[in-house]
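Keep the structure open beside you as you read.

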Amino acid sequence: MNGLVLKLVTQRLALGLLLIFLVSIMIFVGTQLLPGDVAQAILGQSATPETLANLRAELGLNAPVYQRYLSWLFGVLQGDLGTSLTNGKDIATAIGGRLSNTLFLAVSAALVSVPLALILGLVSVLYRGRWPDKLISAVTLASISIPEFMLSYILIYYVGVRLGWAPSVAMINDSMSFFEKLHAIALPMAVLVMVVLAHMMRMTRAALLNVMQSAYIETAELSGLSRFKVIWRHALPNSIAPIVNVIMLNMAYLVVGVVVVEVVFVYPGMGQYLVDHVAKRDVPVVQACGIIFAAIYICLNMLADICAILANPRLRYPK
């Protein structure tokens with residue numbers, strides 16, 4: 001790794017850490033601006049002023065905002081996400097299982113969507129302007145145009161209820177085997193695959209078509225190589241940077257964009273956990289989920305930028 005690449009990677013890492021810090025401020029301030037009183041929400045309308053004052057002091061709500069923020073931030077850096085106001089349980093412990101479920105769903109969808117997007121992109125370029133290209137473009141454009149919740153309900157009705165091929169409620173637990181879990185998450189995984197597949201396929205197609213206009217591609221075709229070999233050996237390796245970038249961005253979406261899908265399918269993941277505690281006005285849980293989602297999204301975007309830097313031959317082999 002030369003000095004220029006190292007400098008760019010270091011700058012991107014520093015920018016990512018700065019973004020996480022700024023987002024943490026926004027999350028904390030945003031939760032403090034929510035209407036209502038946390039102590040009142042916990043104790044109910046029948047609470048006396050004395051009990052409300054005691055609870056506010058116990059929760060540290062009387063301290064200045066900047067002190068509460070610094071206390072919360074140092075706790076997060078040490079792995080202490082606080083305690084839930086609704087049940088008194090440790091948030092980090094509760095989130096651990098939920099986060100693993102969300103990652104299981106996201107990784108399963110990624111393992112299906114990424115290879116499928118590359119294959120469909122290659123097929124679309126190989127048959128450019130013909131019926132396979134038009135069919136793939138039409139299907140992916142339709143899937144990206146339909147909202148996630150509508151796709152979810154369509155699959156629930158036709159696949160889950162009418163055909164009975166997969167459960168409509170995606171409930172999983174530790175006692176289930178790996179394949180039982182896969183069967184349980186089949187419908188939410190299908191929704192996520194359809195949503196992110198279109199982005200990755202269309203970017204793969206656009207990147208390949210851009211490279212196919214290069215002079216060395218024409219030379220490879222004139223040398224007698226088949227169109228598939230030209231695409232596979234020459235076009236794909238030289239268009240990998242934008243493809244990797246869009247793949248990483250969609251992986252970030254898979255992790256943090258599952259809230260709607262998890263709520264529709266009652267999946268026990270981070271999204272469902274966040275929505276449940278937003279309704280209960282459990283501020284520490286909302287803050288913990290928000291900073292985890294933000295950190296994952298920023299880190300994956302940062303990784304996408306670093307991959308793009310490392311995949312750029314102009315940076316790896318400067319003049």
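Tyr253 is partly exposed, with a relative accessible area of 24%; buried means under 20% relative accessible area, exposed over 50%, and partly exposed in between (1.4 Å probe, protein chains only). Tyr253 sits in helix α12, residues 240–256, where helices (H or I, at least four residues) and strands (E, at least two) are DSSP runs numbered from the N terminus. Setting aside neighbours within four places in sequence, Tyr253 is in contact with Glu148, Val195, Val196, Val258 and Tyr297; contact means heavy atoms within 4.5 Å. Its C-alpha lies 9.5 Å from that of Leu192, although Tyr253 and Leu192 are 61 residues apart in sequence.

A word on the ground rules. The model is predicted, so local features need pLDDT of at least 70 and side-chain atom pairs count only at pLDDT 80 or more, while totals for chains, interfaces and linings use all residues. Residues are numbered from 1 along each chain as its sequence is written, and side-chain values use heavy atoms, leaving out hydrogens and water.

Now zoom out. The protein has 16 helices and zero strands, and buried residues make up 41% of its 319 residues. Among contacts between residues at least 6 apart in sequence, 72% join residues at least 24 apart.

Where do the nonpolar side chains gather? The largest nonpolar core has 79 residues, and Ile95, Leu254 and Phe265 touch the most other members. Such a core is a set of buried Ala, Val, Leu, Ile, Met, Phe, Trp, Tyr and Cys residues joined through side-chain atoms within 4.5 Å. The largest share of this core, 15 residues, comes from α9. A second, separate core of five residues includes Val5, Met302, Ile306 and Ile309. In soluble globular proteins, nonpolar side chains tend to be buried together. Beyond its neighbours within four places in sequence, Ile95 is in contact with Leu81, Met270, Tyr273, Ala288, Cys289 and Ile292.

Asp90 caps the N-terminal end of α5, with a side-chain oxygen 3.5 Å from the backbone nitrogen of Ala92. Thr102 is also found in α5, and Thr102 is buried, with a relative accessible area of 0%. A polar atom of the Thr102 side chain lies 2.7 Å from the backbone nitrogen of Met270. Not counting residues up to four places away in sequence, Thr102 touches Val255, Val258, Glu262, Tyr267, Gly269, Met270 and Gly271.

Which residues of α6 are buried? They are Pro132, Asp133, Ile136, Ser137, Thr140 and Ser143. These residues cover an arc of only 135° around the axis, which puts them on the same side of α6; the arc is that of the directions from the helix axis to the C-beta atoms. What covers them includes α5 (91–126), α7 (148–162) and α9 (186–212). The face turned away from that buried side carries the exposed residues Trp131, Lys134 and Ser145.

Finally, look at the loop between α13 (259–264) and α14 (270–279), where Val266 lies. Phi of Val266 is near 50°, a positive value in a residue other than glycine. Most residues other than glycine have a negative phi. At 38% relative accessibility, Val266 counts as partly exposed.

Terms used: A polar contact is a pair of N or O atoms within 3.5 Å; within protein, one must be able to donate a hydrogen and the other to accept it, and residues adjacent in sequence count only if both atoms are side-chain atoms.
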